Amino acid sequence: MNGATMIDTLVVGAGISGITAARLLHDAGQRVVVLEARNRIGGRMWTDREAGFPVDRGASWIHGLTGNPLTALVESLGIRTLEFTVGAYQAGGRPIANFDANHEALDEQRTQAWLADADAADRLLGEKIASSLPGTTYAQAIENTVAAFDAEADRKTQVREFLHHRTEEQCGAESSNVDAHGLDEDIVEGDEVVFPDGYDTLPRLLAEGLDIRLSQVVTAVERTATGARVTTESGVFEAAHVVVTVPLGVLHAGDIVFDPPLPAEVADAIGRIGMGVFNKIFLRFPKKFWGEGFYAIRQLGAASTPWHSWYDVSAISGEPMLLTFAGGAWGRQIEGMEDEAIVDSVLTSLRRAYGEAVPTPVDRWITRWGAEEFSRGSYSYIATGASHDDHDTIATPIGDVLQLAGEATWSHDPATVHGALLSGHRAAERILRTQLPLSSLATSLAVSTAEA
């Protein structure tokens, strides 16, 4: 853009963090350009509508409505939601059809006994984590919990497997790679909701009127005497400020060269934080075989590997559909498998519980976030030896010119949409050197709509 009007701020990445920062800066009067490598906006918020109904391949939930900045924002923008409170991996919360190690359905009495065990184990796990030494893994904390859990062997196995699967779903990582304190902040307050019209409705609304350049793969960010120079595969842009919101996996891979290099404390924090892989498998069936009244199906015990949880998302699509997940090592492994092999593996597990009542799916959607070049993973987690402070360290402003944003830079709620949104809000406030109410995101859109 040599000779062109100077850009106040360049935002790299059109996910929710980048769009939030750009929206606030644009509405404050700045000239803002957003550079997005993909041919779409939304980043890891990706709604597939090719089947005639929305399938959220990326983010799906607002995790906890209470005290969540997304709650008021989504409501003020008139975005429809649907209550679905088993988004966080938990034993109960809403009706779940549980199956034991012999693939037999738990009746009400056995269900209540299992929930009591899970609750007792959670309390004991909290105690073991609180007393753990630095460098302790979540897996070690689990084993210490199981050893102290006063129950017969099959109940211990159920508890052990359930707790190990938690990091797969919450972190996209094996419990042996997650720090014992890696889920300290994993507290969901209030109900959870999903989006019957697709989660990407939010970034698409926030992006209205912004200057977003798609298919712009950024390769280098150079700090200069007047600001920064950003190089893409198709051109060069200059700006006074740059906000880089690419996923942590892209930073790990070194796909963007920083000149001068990032400060050691920032680079070290990036290296300590892990990037998990958490893939989704949606299966659409010709009819429901799992009955009504359950939010989810869960396989307990040793038989819960590799597939353990299926969520009934029929109310979102209007079609008989189940959603299951593959996280951690299994999530990475399926990325090298053919779709048919993945589907067959899922069906094998389901048929152990439901028998031949399980029909062949009529459609499927399978993600491979670890192999996706502009994400290289699903979301961040606290790897062994890292801490929640490392998230905030990554966001340290660099030379009053450059800062990093995104879910991996927000310590209280990393790996969430609202964490990413808040990081974009923080970046905008730092550039403008003033506080900005988050409510202004919706206010500005309402004004522009009314004027139109």
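Before the first sheet, one term: two strands are taken to pair if DSSP finds at least two bridges between them. Also, please keep in mind that this is a predicted model.

Strand 6 pairs with strand 15, residues 296-299, in the parallel sense, over 4 bridges. To find that pairing on the screen, look for Asn 98, which stands opposite Arg 298 in strand 15.

The model has 18 aromatic pairs in total by the rule used here. One of them is Tyr 311 with Phe 325: the ring centres are 5.4 Å apart and the planes stand at 55 degrees, so this pair is tilted. Tyr 311 belongs to strand 16, residues 309-312, and Phe 325 to strand 17, residues 321-327, so the pair ties together parts that are 14 residues apart in sequence.

Strand 9 covers residues 218-224 and strand 10 covers residues 227-232; the two run antiparallel and are joined by 6 bridges. They form a hairpin, with 2 residues between them. Glu 222 stands opposite Arg 229 in strand 10, and Arg 223 has Ala 228 of strand 10 as its bridge partner.

Ala 228 also leads on to the next strand. Its bridge partner in strand 11 is Ala 239. Strand 11 takes in residues 236-244, runs antiparallel to strand 10, and is joined to strand 10 by 4 bridges. Strand 10 and strand 11 again make a hairpin, with 3 residues between them.

Strand 9 has a further partner, strand 12. Do strand 9 and strand 12 run parallel or antiparallel? They run parallel, with 3 bridges joining strand 9 to strand 12, residues 257-259. Here the bridge partner of Val 221 is Phe 258 in strand 12.

Next, the helices. Two packed helices are described by the angle between their axes and the distance between the axes.

Helix 3 is residues 108-130 and helix 4 is residues 138-148; their axes come within 9 Å and cross at roughly 125 degrees. Helix 3 and helix 4 are therefore oblique to each other. The crossing of helix 3 past helix 4 is right-handed. On the helix 3 side the contact is made by Ala 121, Leu 124, Leu 125, Lys 128 and Ile 129, and on the helix 4 side by Tyr 138, Ala 141, Ile 142, Asn 144, Thr 145 and Ala 148. Sorted by class, that contact has 8 nonpolar, 2 polar and 1 charged residues.

Helix 4 also meets helix 5, residues 153-171. The axes of helix 4 and helix 5 come within 10 Å and cross at roughly 160 degrees. Helix 4 passes helix 5 in a right-handed crossing. Helix 4 contributes residues including Tyr 138, Ile 142 and Thr 145, while helix 5 contributes residues including Val 159, Leu 163 and His 164. By class, this contact has 7 nonpolar, 3 polar and 4 charged residues.

Last, some backbone details in the loops. A cis peptide bond joins Asp 259 and Pro 260, with omega about -5 degrees. Pro 260 sits in the loop between strand 12 and helix 8, residues 264-272. Another cis peptide bond joins Thr 305 and Pro 306, with omega about 5 degrees. Pro 306 is in the loop between strand 15 and strand 16. Finally, His 103 has phi near 65 degrees, a positive value in a residue other than glycine. His 103 is placed in the loop between strand 6 and helix 3.

That is the tour; I can take questions now.

Conventions. Residues are numbered from 1 along each chain as its sequence is written. This is a predicted model: local features need pLDDT of at least 70, side-chain atom pairs count only at pLDDT 80 or more; totals for chains, interfaces and linings use all residues. Side-chain values use heavy atoms; hydrogens and water are left out. Axes are lines fitted to C-alpha atoms, for helices over the stretch in contact, and angles run from 0 to 180 degrees between N-to-C directions. Angles under 35 degrees count as roughly parallel, over 145 as roughly antiparallel, 65 to 115 as roughly perpendicular and the rest as oblique. A crossing is left-handed if the near helix is turned anticlockwise from the far one by less than a right angle, and right-handed if clockwise. Contact means heavy atoms within 4.5 Å. Ala, Val, Leu, Ile, Met, Phe, Trp, Tyr, Cys and Pro count as nonpolar, Asp, Glu, Lys and Arg as charged, and the others, Gly among them, as polar. Rings of Phe, Tyr and Trp (its six-membered ring) pair if their centres lie within 6.5 Å; planes under 30 degrees apart count as stacked, over 60 as edge-to-face and the rest as tilted.
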